[in-house]
Amino acid sequence: MFKYEGDDKTKPTDMRFLDFQIVRVASPVIDLSYFLYCCADKQVLKDFDFILQAYHSSLTDFLTELGCDAEAVFPFKKLKEHWKQYGKYGLIISLFLLKISLCDSNEAPDLMETAEKGEDFTESFKLKIQNEDVYNERIKNVYLHFAEKFFKPSEALRESTVIQDIFLNEIYVYDKIFPLFQKFQTDKGVDDSFQSVPRCYGTFTSKSREVVILENLKSKGYELWTYKKPLTRNHINLVVKEYGKLHAISVALKEQQPEQFQKVIDGYVDIWTKFVETSDISSVFEKLVKEIYDLLKSEMSEQDSQKWLSFQRQVRFVMTDLAQNVDGLKVVTHGDCWNNNFMYQHTNDNKDLVSKVAILDWQNSKYSSPVFDLSYFLFSCISDEDIDDMDTILEDYYKSFTGFLKRLGSNFGNEYSLERFLEEWRKYSKNGILQALLPLKLSFSEEDDIPDIAKTVESGQDVAKAFLVDIKNKTGFKNRKSGYALWEKRTPMTRKHITMVVEAYGKFHAISVAMKDQKPEKFQQLLDSLEKFEANHPHIQHLFRRTLEEVYDLLKDELNEDILQKWKNLKDNLESDTHKVKENFSGLQVITHGDCWNNNFMFYVDDETNLPTKVSILDWQLSKLSSPIYDLSYFLFACISEDDLKDFDAVLQTYYESFSNHLRKMGSDPEALKHINMVVEAYGKFHAISVAMKDQEPEKYQQLIDSFKTFSENGINVKRLFGKTLEEVYNLLKGELNEDILDKWGNFKGNLESGLEEVRENFSGLQVITHGDCWNNNFMFHIDVRCVVPEPDLARGNQGESPGASTN
């Protein structure tokens with residue numbers, strides 16, 4: 001509040017600060033920038049340097065009076081550094097408070113009323129500005145001042161590249177092209193006109209910078225699409241429709257107002273051609289095409305490989321002759337058509353229901369083939385599924401283009417047939433393929449590797465060299481078309497991600513068990529083709545031991561003696577434990593993934609819920625026959641969070657339910673297989689005793705044999721019993737089996753006596769003492785009541801526990 005002498009409000013004599021509710025410790029520039037950008041007009045901001053100096057003089061004088069070394073505490077140079085760093089705070093606040101200042105007093109937000117209603121207080125600030133022209137002028141002045149003072153461009157970059165032309169070209173589009181297009185549409189009275197660009201509040205140029213001030217699209221609900229994921233079909237359709245309208249305006253305007261149209265076209269600068277002529281960007285694209293060929297050649301057919309290699313030889317032709325000498329239809333193009341240059345407004349926050357699009361970044365706009373826009377956009381943004389429907393998408397573009405032409409009063413669509421358009425597509429879409437490669441590559445580079453063009457130029461290198469970055473996330477790049485993305489490897493996975501992987505592992509492991517149960521020979525063929533990874537190789541052992549030592553040293557001050565001793569025992573017994581696992585394993589075995597760390601999983605995330613809906617498991621080089629626990633423990637201990645470790649039993653239960661449910665779907669019973677595996681393993685051990693005893697103690701073994709009573713089939717007329725049973729089965733199934741199988745069954749029944757004789761009298765092979773009466777009722781199992789399946793569970797091998805209680 002200010003105190004004045006008399007009625008002259010331009011000459012205050014004193015003042016008081018009010019409202020200290022948001023006082024805090026921060027840079028003094030927080031106060032200063034907030035105050036100046038909210039309260040000063042254009043004329044005052046012109047004296048900014050004087051005002052800043054006045055503030056600093058007041059600060060240093062009072063510091064000196066308080067007994068401080070003012071120059072040591074906060075020199076003027078430091079104040080200017082602070083302004084550059086923190087002045088944006090005042091800029092942002094001004095955008096918000098100026099809106100309140102210029103709204104009608106009746107619409108000023110009542111925060112108390114909002115709070116009492118239990119509403120979101122931010123809703124109170126969605127105000128209608130009564131005088132938009134005044135607001136726009138104030139905001140423009142504030143932004144231009146900030147840009148003029150603190151956006152310092154690289155002089156080397158401006159002098160040695162086309163960077164200035166790039167920004168001037170965009171200013172030209174907003175100052176000349178769009179106003180002409182808008183007026184033409186208005187004069188024609190068309191509804192649903194092309195409006196898919198942000199509103200421009202003003203432009204500014206000086207010797208050292210160019211500024212374009214655009215509306216804040218986020219405040220109207222627009223948002224960018226995740227650039228690592230392809231667009232949905234709804235988004236594709238909307239952009240294609242708007243491109244059709246944009247391109248149609250050029251054709252109709254040229255036809256109906258040729259002189260005025262030619263005048264604005266002559267003001268264009270062909271940025272791309274100048275960039276190609278003044279840099280070695282062609283070699284960058286040649287290297288990029290080769291890099292992608294090397295990345296994908298193992299997945300290409302021989303024919304596709306040859307086409308891609310041929311495309312590499314055409315790079316310079318596409319970038320020069322094809323791009324610069326268009327002999328077909330030409331229109332005003334967008335020019336920079338990758339994913340990040342579109343913002344979308346969605347209906348009811350449903351990201352599948354897109355209602356509007358805003359097309360951004362017009363620096364590369366030029367007069368050229370519409371196919372350049374369309375192909376660049378589609379090849380950089382389309383999904384694998386939608387690219388298969390490319391013909392329909394191109395027809396949709398053509399319908400939008402010709403339909404809007406008619407509404408603008410042009411008959412050009414009658415002579416520009418769909419066949420002619422598709423012919424031009426086949427000719428010029430190579431340019432779009434090439435242009436799409438670079439933004440796709442940069443999307444899958446690490447953030448630290450994104451090119452710093454200014455730094456490259458200032459070091460004396462060709463600006464094109466800034467784009468020579470490696471594709472770090474090669475798997476992500478290869479899978480980009482599918483919309484999958486890697487999890488951030490430094491962060492534990494969420495419970496939803498953990499559950500998804502655990503369930504996938506359960507299904508995958510179940511396939512091995514079901515296949516071994518139902519098609520054992522084919523399963524064995526798979527196993528024979530797997531190469532074995534030797535975890536007990538000396539180098540691997542050394543690596544593991546060294547890692548265990550590092551973890552021990554890292555945590556020894558935080559863990560108690562008991563845990564530390566267990567860790568030490570694990571390290572000391574590493575070699576023997578690994579050998580035991582390899583040589584003496586006797587539990588469930590499946591084909592495993594083997595390489596289960598964070599970076600070997602890609603997730604498809606639903607944009608509406610932001611939750612993963614699919615997982616893709618990568619890198620199977622270490623796959624082998626082993627316990628499913630290998631996969632499960634490796635994955636969980638590598639990726640799980642501390643909170644989810646506390647719920648470990650529930651995670652294991654999730655795995656088991658997925659495993660057992662998938663087994664049932666494939667026709668195998670997990671509980672029955674548990675019993676069967678246990679009996680089969682027990683028979684294996686029992687029969688092995690006979691072989692070992694016969695080999696090592698043959699006399700004692702023979703004594704055992706001699707004491708057996710021979711079971712005679714004739715003694716109880718077993719042949720008749722077997723024959724009758726075979727006859728009953730034959731009669732039961734003859735209506736369901738084909739003639740060939742029935743003939744075999746009849747032969748088996750007819751040769752029963754000779755078959756039994758051959759088994760009993762003429763057997764020549766491995767012989768052991770057998771159980772002999774192997775039906776269901778001759779086995780009793782000890783049940784672990786915790787999981788209602790026979791011991792051991794999936795996490796333990798069969799340790800041969802003594803018999804316990806039986807169950808039916």
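Start at the hairpin of β7 and β8: two residues sit between the strands, and asparagine 348 takes a positive phi near 55°. Keep in mind that this is a predicted model.

Strand β7 has a partner on each of two pairings. Six antiparallel bridges tie β7 to β8, and three antiparallel bridges join β5 to β7.

| Strand | Residues |
|---|---|
| β5 | residues 222-224 |
| β8 | residues 350-359 |

Now for helix α28, residues 628-639. Its 12 residues should span 16 Å at 1.5 Å a residue, and the end C-alpha atoms are 17 Å apart, which agrees. Pro628, Asp631, Leu632, Phe635, Leu636 and Cys639 are buried in α28. Those residues lie on the same side of the helix, because they cover an arc of only 110° around the axis. What do the buried residues of α28 pack against? Their partners are α23 (495-518), β11 (590-591), β12 (601-605), β14 (625-626) and α30 (648-665). At the start of α28, serine 627 brings a side-chain oxygen to within 3.0 Å of the backbone nitrogen of isoleucine 629.

Finally, look at aspartate 644, which belongs to helix α29 (residues 642-645). Is aspartate 644 buried or exposed? Its relative accessibility is 10%, so aspartate 644 counts as buried. Beyond its neighbours within four places in sequence, aspartate 644 is in contact with Met493, Thr494, Arg495 and Val651.

Technical notes. Residues are numbered from 1 along each chain as its sequence is written. This is a predicted model: local features need pLDDT of at least 70, side-chain atom pairs count only at pLDDT 80 or more; totals for chains, interfaces and linings use all residues. Side-chain values use heavy atoms; hydrogens and water are left out. Helices (H or I, at least four residues) and strands (E, at least two) are DSSP runs, numbered from the N terminus. Buried means under 20% relative accessible area, exposed over 50%, partly exposed in between (1.4 Å probe, protein chains only). Contact means heavy atoms within 4.5 Å. Two strands pair if DSSP finds at least two bridges between them. The expected span of a helix is 1.5 Å times one less than its number of residues. The arc is that of the directions from the helix axis to the C-beta atoms. A polar contact is a pair of N or O atoms within 3.5 Å; within protein, one must be able to donate a hydrogen and the other to accept it, and residues adjacent in sequence count only if both atoms are side-chain atoms.
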